[in-house]
Amino acid sequence: SASVYALLLGPRKSTGAHIEFGIALGAKVPLIVLIGRPDENQLFYCHPSITIVPNVKAFMQLIDKGRS
């Protein structure tokens, strides 16, 4: 089982990563992170289990903070 799921958002439309995203939500992965600027039309990005960070550097800082 995973302890972190990260989805790197970009200009491409769904590539199957959203299936994994749904699985992570259903499996109650403790930390689910969206990296980048989410599309406002994606309602499930507002799920209370989701953490949104602006870039990979912020994601790495979040992970490092969790280790200490």
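**View 1. Two aromatic pairs are counted by the ring-centre rule.** Rings of Phe, Tyr and Trp (its six-membered ring) pair if their centres lie within 6.5 Å; planes under 30 degrees apart count as stacked, over 60 as edge-to-face and the rest as tilted. The rings of Y5 and F21 have centres 6.4 Å apart and planes at 55°, so this pair is tilted. Y5 belongs to strand β1 and F21 to helix α1, so the pair links parts 16 residues apart in sequence. Helices (H or I, at least four residues) and strands (E, at least two) are DSSP runs, numbered from the N terminus. The model is predicted: local features need pLDDT of at least 70, side-chain atom pairs count only at pLDDT 80 or more, and totals for chains, interfaces and linings use all residues. Residues are numbered from 1 along each chain as its sequence is written, and side-chain values use heavy atoms, with hydrogens and water left out.

**View 2. F21 also pairs with Y45, edge-to-face.** The ring centres of F21 and Y45 are 5.8 Å apart, and the planes stand at 85°. F21 sits in helix α1 and Y45 in the loop between β2 and β3, so the pair ties together parts 24 residues apart in sequence. Y5, F21 and Y45 form one aromatic cluster. F21 is buried at 1% relative accessibility, and Y45 is buried at 7%. Y5 is buried too. Buried means under 20% relative accessible area, exposed over 50%, partly exposed in between (1.4 Å probe, protein chains only).

**View 3. Three strands make an open parallel sheet in the order β1-β2-β3.** Strands β1 (4-8) and β3 (50-53) are at the edges, each with a single partner strand, so one side of each has no neighbour in the sheet. The twist averages 25° from one strand to the next. Two strands pair if DSSP finds at least two bridges between them. β1 and β2 (residues 31-35) are joined by five bridges. A6 has V33 as its bridge partner in β2, and L7 stands opposite L34. Four bridges pair β2 with β3 in the parallel sense. Here V33 is partnered by T51.

**View 4. Helix α1 (residues 17-26) packs on the sheet.** α1 touches β1, β2 and β3. The direction of α1 makes about 150° with that of β1. Axes are lines fitted to C-alpha atoms, for helices over the stretch in contact, and angles run from 0 to 180 degrees between N-to-C directions.

**View 5. I32 of strand β2 is buried, with a relative accessible area of 1%.** Contact means heavy atoms within 4.5 Å. Not counting residues up to four places away in sequence, I32 touches Y5, F21, A24, L25, S49, I50 and T51. I32 and S49 are 17 residues apart in sequence, yet 6.7 Å apart in space, C-alpha to C-alpha. Four of the five residues of β2 are buried, so the strand is largely enclosed by the rest of the structure.

**View 6. The largest nonpolar core has eleven residues.** A nonpolar core is a set of buried Ala, Val, Leu, Ile, Met, Phe, Trp, Tyr and Cys residues joined through side-chain atoms within 4.5 Å. Members include L9, A17, V29 and I50. β1, α1 and β2 each give two or more residues to this core. α1 gives the most, with three. A24 is in contact with Y5, V29 and I32, leaving aside its neighbours within four places in sequence. A second, separate core of six residues includes I35, V53, A58 and I63.
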